[in-house]
Amino acid sequence: MQTCHSVHDLESFAIDKAPRAAYYIPEYISEAEEECLLRQIYNAPKPKWTQLSGRKLQNWGGLPHARGMVQEKLPHWLQSYTEKVSSLGVFGGHCANHVLVNEYKAGQGIMPHEDGPLYYPTVTTINLGSHAILDFYLPISQENQNQVPSTEDERHILSLLLEPRSLLVIREALYTSYLHGISPQNDDTLNSTVVNLDCCSANAGDTLERDTRVSLTIRYVPKVLKTPLLLGRRR
């Protein structure tokens, strides 16, 4: 397995059939690391989980806010991976300070969305447990609503297969100019819209059954507050 030590090395993992820029590294972590991460995640205190309509999540590092994030210390088992991912140079020399842990059961997904301006314009995801198909779409805005198709299917531009233990890095225009989401399905049949199959173990035409997937979304929040005073009433 080829290793990756910097943003320069990352170019060898670029997905050529996607707009700039998507990078996919299969087997980024080992099976033992995957097992250890899942154990730590599910050993977290129950109040750490937030239940949403299509998934549940854990928030680590602080709560991102337009006025700034009050930073919380990451646990050691997450800190080591934020440092590992940050060492690639994908956050402009900064170290990631926020991790969102998402759990998706089979049949669950997330609507097409953008991550927004609270984060440095790069998102990195370590995938655990099961695969996912990440779909990308053209957004609709007041400026382009007459030029962009109205239906989600027509706005779909590509998909990526995210296999267990892989790392995905999204940055540049693919991060800022497109929406991404996961459709709520129990299985996925791989077709020509999945543009990274040449670096995956699955093949076009395969149907993959979904199981429980856990993702570590590792990001850098540039605006960090030294004190919580600005986020609420003064104490």
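Ser130 sits in the loop that links β7 (122-128) to β8 (132-137); strands here are DSSP runs of E, at least two residues long, numbered from the N terminus. This is a predicted model, where local features need pLDDT of at least 70, side-chain atom pairs count only at pLDDT 80 or more, and totals for chains, interfaces and linings use all residues. Residues are numbered from 1 along each chain as its sequence is written, and side-chain values use heavy atoms, with hydrogens and water left out.

So is Ser130 buried or exposed? Ser130 counts as buried because its relative accessibility is 5% (buried means under 20% relative accessible area, exposed over 50%, with a 1.4 Å probe and protein chains only).

Who are its neighbours? Leaving out residues up to four places away in sequence, Ser130 touches Leu162, Pro164, Glu209, Arg210, Asp211, Thr212 and Arg213 (a contact means heavy atoms within 4.5 Å). With Asp211 there's some detail: a polar atom of the Ser130 side chain lies 3.0 Å from the backbone nitrogen of Asp211.

Arg210, Asp211 and Arg213 also turn up in the lining of the largest cavity, along with Tyr104, Lys105, Gln108, His131, Ala132 and Ile182. Here's how that lining divides up:

| Kind of lining residue | Number of residues |
|---|---|
| nonpolar | three |
| polar | two |
| charged | four |

Zooming out, the chain has 15 strands, and 48% of its 235 residues count as buried. Among contacts between residues at least 6 apart in sequence, 77% join residues at least 24 apart.

Notes:
Helices (H or I, at least four residues) and strands (E, at least two) are DSSP runs, numbered from the N terminus. A polar contact is a pair of N or O atoms within 3.5 Å; within protein, one must be able to donate a hydrogen and the other to accept it, and residues adjacent in sequence count only if both atoms are side-chain atoms. On a 1 Å grid over the protein atoms alone, a cavity is a set of points where a 1.4 Å probe fits but cannot get out, and a pocket is an open set with protein on both sides within 12 Å along at least five of seven lines; lining residues have an atom within 4 Å of a point. Ala, Val, Leu, Ile, Met, Phe, Trp, Tyr, Cys and Pro count as nonpolar, Asp, Glu, Lys and Arg as charged, and the others, Gly among them, as polar.
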